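Visitor: I would like to learn how to read the features of a model like this one. Please take them one at a time.

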Amino acid sequence: MNMQTKPNDLAAFWMPFSANRQFKKAPRLFVGAERMHYITNDGRRVLDGTSGLWCVNAGHCRPKIVEAIKQQAETLDFAGMFQMGHTRAFEAANRLISIAPEGFDHVFFTNSGSESVETALKMAIAYHRAKGNGTKVRLIGRERGYHGVNFGGMSVGGIGPNRKMFGTLVAGVDHLRHTHDLSRNAFVRGEPEHGVELADDLERLVALHDASTIAAVIVEPVACSTGVLIPPKGYLKRLEAICRKHDILLIADEVITAFGRLGRPFASDYFGISPDLIATAKAITNGTIPMGAVFVKAHIHDAFMNGPEWMIDFFHGYTYSGHPMACAAAIGTLDTFEDEGLLTRVNELAPYWEERVHDLKGLPHVIDIRNIGLIGAVEFEPDPAQSGKRAYDRFVKAFEEGLLVRQTGDIIALSPPLIISKDEIDQLFDTFAKVLKTSN
Ligand SMILES: Cc1ncc(COP(=O)(O)O)c(C=O)c1O
């Protein structure tokens with residue numbers, strides 16, 4: 001491997017979602033990766049406890065994906081998809097539909113989770129208009145939700161720091177309350193017992209705004225980026241039922257939960273819900289080439305197909321929607337998932353994972369532990385003077401000890417590649433326990 005071991009000048013790159021000044025004083029740099037590990041610029045192996053950023057579900061640098069990308073780069077590097085096409089995009093769409101929950105017949109390609117969210121929100125509003133319900137324009141999100149960083153997603157999102165700098169955001173948005181309730185649900189394994197009634201918040205918003213003004217509700221089945229908030233038992237089904245009652249579309253933001261994280265291809269399968277639109281990205285290409293996809297049911301798609309046949313049916317799309325390299329990567333990824341049974345492998349691992357994450361109970365400052373599928377979270381008692389610092393320090397220390405974890409506020413999230421072995425699960429938790437025992 002041709003490794004560059006010394007960083008160049010770090011000033012030019014303004015890093016996203018980062019403490020730039022601090023990072024550049026003590027950088028953490030990767031130069032390689034292989035299956036479960038990253039390799040740092042000083043030659044250390046770091047166990048990937050986060051699948052990169054929740055996207056490398058099949059582990060790093062997998063041969064079928066690498067080969068698919070190489071071949072595509074040599075054969076057809078780019079072809080636009082506006083009024084033109086290339087075969088890989090149709091092949092990728094068909095392959096994706098073959099693993100989608102029942103009723104999903106179409107996919108619309110984007111380049112990221114944020115773009116999938118924007119696309120789904122626009123589809124929802126335009127769908128109602130196409131059906132003659134042009135007053136249904138409001139969008140409902142949820143407090144603590146994360147739906148990316150573009151204006152629509154930021155507006156339906158519910159994480160204060162992600163919103164507060166950016167003005168008045170999109171108009172006509174309201175939020176359900178979040179479901180996090182440590183007083184009733186701390187240290188619960190899997191889905192919390194309490195909180196199904198929080199879904200009735202949607203009735204409250206319907207009473208306030210009237211259903212005739214509401215286009216869609218968007219939620220993450222498991223709200224991961226905010227620190228892993230697992231829906232209370234029955235919550236998502238109740239939310240779905242209220243949506244149906246009022247002709248409000250349900251958008252599942254599965255940017256993290258799709259592609260096997262909960263032991264099913266999609267979290268919608270896991271929770272037994274049938275949304276109208278599913279936003280995805282990340283593991284769709286195993287993180288290799290940026291790509292997103294919105295999965296669409298026939299009744300939504302068909303509502304757009306009523307104008308003259310020669311006319312554009314949906315005035316939306318990106319230059320790189322269905323990019324050949326991304327489509328090749330998606331096909332290589334789906335091949336890898338299929339060969340190795342990765343879309344369901346988590347069912348085997350989840351019980352052991354659950355035991356090991358809950359073993360951390362009782363370690364200093366731990367006030368909650370949560371788990372579902374191959375996702376875990378440890379919440380720390382906040383230090384009132386420095387909110388988030390406690391988890392941040394543990395993230396840095398874990399990295400020094402050879403483990404990558406993800407910090408959000410006072411929470412550390414864990415979500416390794418789905419190829420992890422039991423020995424590697426042990427290594428992950430042994431290292432993390434050591435970090436927690438030796439931190440202030
Ligand atoms: C649920 C959810 N939606 C949307 C996004 C945004 O995805 P991206 O960063 O690819 O734009 C994320 C990213 O973590 C996410 O977790």
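Guide: Start with strand pairing: two strands pair if DSSP finds at least two bridges between them. Helices (H or I, at least four residues) and strands (E, at least two) are DSSP runs, numbered from the N terminus. This is a predicted model, in which local features need pLDDT of at least 70, side-chain atom pairs count only at pLDDT 80 or more, and totals for chains, interfaces and linings use all residues. Residues are numbered from 1 along each chain as its sequence is written.

Visitor: In which sense do β7 and strand β8 pair, parallel or antiparallel?

Guide: β7 and strand β8 (residues 249–253) are parallel partners, joined over four bridges. Within that pairing, Ala216 stands opposite Leu249 in β8. β7 also pairs with strand β5 (residues 138–142), again in the parallel sense, over three bridges. There the bridge partner of Ile140 is Val217 in β7.

Visitor: How many residues of β7 are buried?

Guide: A residue is buried if 20 or more other C-beta atoms lie within 10 Å of its own, exposed if 12 or fewer, and partly exposed in between, with C-beta atoms placed from the backbone. In β7, six of its six residues are buried. Leu250, found in strand β8, also counts as buried because it has 24 C-beta neighbours inside 10 Å.

Visitor: Which residues is Leu250 in contact with, leaving aside its neighbours within four places in sequence?

Guide: Two residues are in contact if their C-beta atoms, placed from the backbone, lie within 7 Å. By that rule Leu250 is in contact with Val217, Glu240, Cys243, Pro275 and Asp276, once neighbours within four places in sequence are left aside. For the chain, among contacts between residues at least 6 apart in sequence, 73% join residues at least 24 apart.

Visitor: What does an antiparallel pairing look like here?

Guide: Strand β1 (residues 30–34) and strand β2 (residues 37–40) pair in the antiparallel sense over four bridges, and Glu34 stands opposite His37 in β2. These strands form a hairpin with two residues between them, and Arg35 in the turn has a positive phi of about 50°. β2 then pairs with strand β3 (residues 45–48), antiparallel over three bridges, where Ile39 stands opposite Arg45. This second hairpin has four residues between the strands, and Gly43 takes a positive phi near 85°.

Visitor: What domains does the chain have?

Guide: Domain bounds come from an automatic or database domain assignment. Here the assignment gives domain 1 (20–57 + 344–437) and domain 2 (66–340). Their contact takes 31 residues from domain 1 and 25 residues from domain 2. On the side of domain 1 that touches domain 2, β11 gives the most, with six residues.

Visitor: Which residues are closest to the ligand?

Guide: A residue is near a molecule if its C-beta atom, placed from the backbone, lies within 6 Å of it. The ligand is surrounded by 14 residues, and the closest are Ser112, Gly113, Ser114, Gly148 and Val255. Helix α5 (residues 113–130) gives the most to this shell, with three residues.

Visitor: What does the radius of gyration say about the chain?

Guide: The radius of gyration is taken over C-alpha atoms, and the globule rule is 2.2 Å times the number of residues to the power 0.38. With 440 residues, a compact globule would have a radius near 22 Å, and the chain agrees, at 22 Å. The C-alpha trace spans about 65 × 55 × 45 Å along its principal axes. Buried residues make up 48% of the 440 residues.
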